[in-house]
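The following note sets out points for a colleague who wishes to examine the model below. Each point takes up one topic.

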Amino acid sequence: VQLQASGGGLVQPGGSLRLSCAASGRIFRITDMGWYRQAPGKQRGSVASMTSGGGTNYEDSVKGRFTIYRDYAKNTVTLQMNSLKPEDTAVYYCNAAIRSVLGGRVHDYWGQGTQVTVSS
């Protein structure tokens, strides 16, 4: 199983970016799928996640600004980031909890990090 992330880059404060992540390989079912971020000198933390049933969870500082989407057929997750602030600067990581076979265990997978820099 692989997670391939795309998007990110440099944007001015108040701007928008979109991050996308696609899971591929031996996948029976993806339960939770979402995004984490890690700023320099800080621990990695959850930004947004979505369950297989469509439930969402957002970190408090991004509520109302970020929106997470999933395409269940394509095994993708997208994070639309609006009204970006300098404090959103971090490396963003895609995460997915995946069951590869019927009855198998759920394993956590991570995509490669993608840099988001918010600066004027």
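1. Which residue takes a positive phi in the hairpin of β7 and β8? Asparagine 75 does, with a value near 55°, in a hairpin that has 4 residues between the strands. Asparagine 75 belongs to the loop between β7 and β8 and is not a glycine. Asparagine 75 is classed as partly exposed because its relative accessible area is 22%, where buried means under 20%, exposed over 50% and partly exposed in between (1.4 Å probe, protein chains only). Strands here are DSSP runs (E, at least two residues), numbered from the N terminus.

2. On provenance, this is a predicted model, in which local features need pLDDT of at least 70 and side-chain atom pairs count only at pLDDT 80 or more, while totals for chains, interfaces and linings use all residues. Residues are numbered from 1 along each chain as its sequence is written, and side-chain values use heavy atoms, with hydrogens and water left out.

3. The open sheet consists of 4 strands in the order β1-β3-β8-β7, with antiparallel pairing; two strands pair if DSSP finds at least two bridges between them. Its edge strands, β1 (2–7) and β7 (66–71), each pair on one side only. From one strand to the next, the twist averages 15°, based on axes that are lines fitted to C-alpha atoms, with angles running from 0 to 180 degrees between N-to-C directions.

4. β7 is joined to β8 (residues 76–81) by 6 bridges, and the two run antiparallel. Within this pairing, threonine 67 has glutamine 80 of β8 as its bridge partner, and arginine 70 has valine 77. In a regular strand, side chains alternate between the two faces of the sheet.

5. β4 and β9 pair in the antiparallel sense over 8 bridges, with tryptophan 35 opposite cysteine 94 in β9. β4 is also joined to β5 by 5 bridges, again antiparallel, and tyrosine 36 has serine 46 of β5 as its bridge partner. β4 and β5 form a hairpin with 6 residues between them, and glycine 41 in the turn has a positive phi of about 80°.

6. In soluble globular proteins, nonpolar side chains tend to be buried together.

7. The largest pocket holds about 170 Å³ of space. Among its lining residues are Arg37, Lys42, Glu59, Glu87 and Thr89. By class, the lining has 3 nonpolar, 5 polar and 4 charged residues; Ala, Val, Leu, Ile, Met, Phe, Trp, Tyr, Cys and Pro count as nonpolar, Asp, Glu, Lys and Arg as charged, and the others, Gly among them, as polar. On a 1 Å grid over the protein atoms alone, a pocket is an open set of points where a 1.4 Å probe fits, with protein on both sides within 12 Å along at least five of seven lines, and lining residues have an atom within 4 Å of a point. Grid points are joined across faces, edges and corners, and the volume is the space filled by probe spheres set on them.

8. Some individual residues remain. Serine 83, in the loop between β8 and β9, has a positive phi of about 50° although it is not a glycine, and is partly exposed at 39% relative accessible area. Glycine 8 lies in the loop between β1 and β2 (9–11) and is partly exposed at 25%. The C-alpha atoms of glycine 8 and glycine 113 are separated by 9.5 Å, although the two are 105 residues apart along the chain. Serine 49, in β5, counts as partly exposed because its relative accessibility is 21%.
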